[in-house]
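Here's a quick walk through one protein model, starting with a strand and moving on to charged pairs. Have the viewer open and follow along.

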Amino acid sequence: MSTDAQTDLRKTYFEDKPARPEKFIHASSLPQQLVEDDRTGMSIEAIKRAFLDHLNYSRGTDLKYATPNDLYMALAYTVRDRLMHRWIVSRNALHDQKMVCYLSAEFLMGRQLGNALCNIGSFMLMRRVMELLGLNLYDILEQEAEPGLGNGGLGRLAACFLDSLSTLDIPAVGYGIRYEFGIFEQAIENGWQVERPDHWLRFGNPWELARPQLAVEVKLGGTVEQATDSHGVRRRHWSPARTVLGVPYDTMIPGFSTNLVNTLRLWSASTTRDFDFQIFNEGDYTRAVSEKVFSENISKVLYPNDNTPQGRELRLAQQYFFVSCSLQDILRRHLRRTKTLCNLHEYNAVQLNDTHPAIAIAEMMRLLVDEHRIDWDTAWKITTQTFAYTNHTLLSEALETWPVELFEHLLPRHLEIIYEVNHRFLEIVRKHFPGDAARTNRMSIIEEGTERRVRMANLATVGSHAVNGVAKIHSELLKHEVLRDFHELWPEKFSNKTNGITPRRWLMLCNPKLTFLITEHIGKSWLKDLAELRQLEDHIDDPALRETWRAFKDDNKRDLAEYILHYNGVRVDPDSIFDIQVKRLHEYKRQLLNVLHIIHLYIQLKQNPELDIAPRTFIFGAKAAPGYFMAKLIIKLINSVADVVNADPLVNRKLKVVFLANFSVSLGERVYPAADLSEQISLAGKEASGTGNMKFSLNGALTIGTLDGANIEIRDAVGPENFFLFGLTVDDVKRMRSAGYLPRYYYDTNPSLRAVIDLLASGHFSETQPELFRPIVDSLLHHDEYMHLADFQPYVDCQVQVDKAYRDKERWTTMTILNVARMGYFSSDRTIREYCNDIWRAKPISVKLDTI
């Protein structure tokens, strides 16, 4: 079947008709003839007219002179028009409904145009319209700048959750920061990561609407004094050193095949005074705009480097800024509905996505007590009934703490509130656990020591009515290790909500061929109920399905091979195993273990070029935090190994290594459908959940992994026989650490590992700088925090099993089909239903679109 024929058939299965009655207007010259509204009409002619009108009147050009960006913007405006009516009606329908307010420092949304077209069921319709105008829809889609407003899984999870909330008809608002520059654009120069600004707003953003009339003020710095209010009541009064303005920008979040459109509200920092004319006239031009520069820096860049005092202050200011803006917005909206804040939790469920927004607990208390004059006990009851907290990490360094001194300088009133919260909380602890001073110290929100610090995870746990982890093993480790004391005090607070991904973006949009094939065999309802994928098992022995299944995977691999040739200049074999590890670069994720295996294969092939192994292409994609030296050195190592391997004629027929620069959501949409093997090899007990593992499996890749994060649940779901398991368990890691882990032992007793380490230490992969990778070698031999050497041989042995399975075509095909068919549990729709039922108590609403 030709690609065009497949694409045309695809619309039969998952392109919905418009989700509302067509809206018409009367043409003035033909009073009896009904003509579709160009803003909302869904016919070919109505969309064509709308697109050309936007080219003319929104972009000031026409088809003859339009740039690629003009075409993209005009099409984006055309699609946005068709969402606007739903958005307005949705907002009007929310008046008396409970709202989920999702606070997250990251929202890694990905490109919006293709996703919106899929969700409103107009992808193929728009493709036909563009063809009639002599344009290619896919070329236009590539023009969209991707907003890099997140660092990885945390921000992408937030985006999946917003998609599921809309699809499930749950009223929601996502709150975050409109970073002017998102996560840096990564370039690779001489093998090293180089960070460049992410100018995602360079050409404007057609998906957002500024709401300057809803701007709020945010205070920073200054002093707190005792004052008497107009009623003669003595209160604490915060006199800030400066005030920043938070301006909201709204983006529409449409659900799939539903009328509800929710909102992502991102805050941009501005100044209450742009320009000091008097100072300017005195000739101090820089100081005249200093307030503007300071204010705008707050939302300038995602995660400023916090290796300096100024960077740490800016990062805390960012977190407080978006939290204060969001809570003021929530309270303002609530008071439009009702005249009391005592029922705030009945209309709003506020979810803290990790510890970044944890300052919201103190800010809510400040707003209720200081601004709305509510007594402390009532305010605390409102706060704890409203907030819930999701923990996303087991790493101690990621459980944010801030110096008390920094709080005193930047948020003096909040420090007072935290002290009072802590005082009252520790009284509860002492009552429940009398005489246990060590427990009291561990549970305190204030960490004592040489430098006193505020423990944000403790604050979030104390101030929330629910705390959850994001995978079964992660939640158990939270309850019994990281937050054990809190679980023993409040066991009812804790639950698990295993993460999920949206199948709309991560299968329908990114892998249309596989989507077509699945839908052809089981219908299209699986797109809203992923558990229905299980029906694929009824067709697993169908020869036609199996042949087409393999053909579509080969097509996806060829597409990625073309991308690699174009951007990396490396020709890879689409018939080789595409062995892929794409994720944030952190030592615990153990990209380094993957590299050690590559060096091991390299040594084997150098010794025996005719070694009987399946050809393999190792593909990496990862960004390292700008100040993370070891992570950046590992990126350099990957590229140095790639240079040596790819240039060696004795090796490169069976082995290639590729590093994909600037990994992003849109690049992930190319990578996941092409993968044969998914590398999920973190040290057990370090990964909270992972969602890349789910994306790979849903697209038919098999997993090699440890018993860590959601890997455990994926293995249980797809079957142990369809998962390549290796490595230490959490209990193994604990036992080895207790006994005294000696990485040198594995080097001394394993000749294969010793050969790998010795070759790395010899400077073979860095001939002009023989000592370049010495920090990696020394770390492995003398410390090895993440136990690469202990897991090396089990990993190598497991990779032999991968090789054997891949060469058995029929077995491999069966395993991949079962992986897809059994991924139903890992839909973010399921996760959101669990949050709604167990934590938020939020219910779906019905949005009818017959009127505006």
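## A strand and its neighbours

In strand E12, Val 261, Thr 263, Arg 265, Trp 267, Ala 269 and Thr 271 point one way, while Asn 262, Leu 264, Leu 266, Ser 268 and Ser 270 point the other way, and all of them are buried. Keep in mind that this is a predicted model.

Strand E11 (residues 242-254) runs antiparallel to E12, and the two pair over 11 bridges. E11 and E12 make a hairpin with 6 residues between them, and in the turn Ser 257 has a positive phi of about 55 degrees. Strand E4 (residues 172-177) pairs with E12 too, but in the parallel sense and over 5 bridges. Here Gly 174 has Leu 264 of E12 as its bridge partner.

## Charged pairs

Side chains of opposite charge can pair when their charged atoms come close. In this model there are 56 salt bridges, and the table gives some of them.

| Salt bridge | Closest N and O atoms |
|---|---|
| Glu 363 with Arg 366 | 2.9 Å |
| Arg 413 with Glu 416 | 2.9 Å |
| Arg 616 with Asp 579 | 2.8 Å |

Take Glu 363 and Arg 366: both sit in helix H13 (residues 360-371), 3 residues apart, or about one turn of the helix. Both of these residues are buried.

Arg 413 and Glu 416 are also separated by about one helical turn, because they are 3 residues apart in helix H16 (residues 412-432). Is each one buried or partly exposed? Arg 413 counts as buried because its relative accessibility is 7%, whereas Glu 416 counts as partly exposed because its value is 25%.

Arg 616 and Asp 579 are both buried.

Finally, there's a network to look up: Asp 436, Arg 439, Arg 442, Arg 484, Asp 485 and Glu 488 are linked by salt bridges.

Definitions and conventions: Residues numbered from 1 in each chain as written. Predicted model: local features only at pLDDT ≥ 70, side-chain atom pairs only at ≥ 80, totals over all residues. Heavy atoms only, no water. Salt bridge = Lys/Arg side-chain N within 4 Å of Asp/Glu carboxyl O. Helix = DSSP H or I, 4+ residues; strand = E, 2+ residues; numbered from the N terminus. Buried < 20%, exposed > 50% of the residue type's maximum accessible area, 1.4 Å probe, protein only. Pairing = 2+ DSSP bridges.
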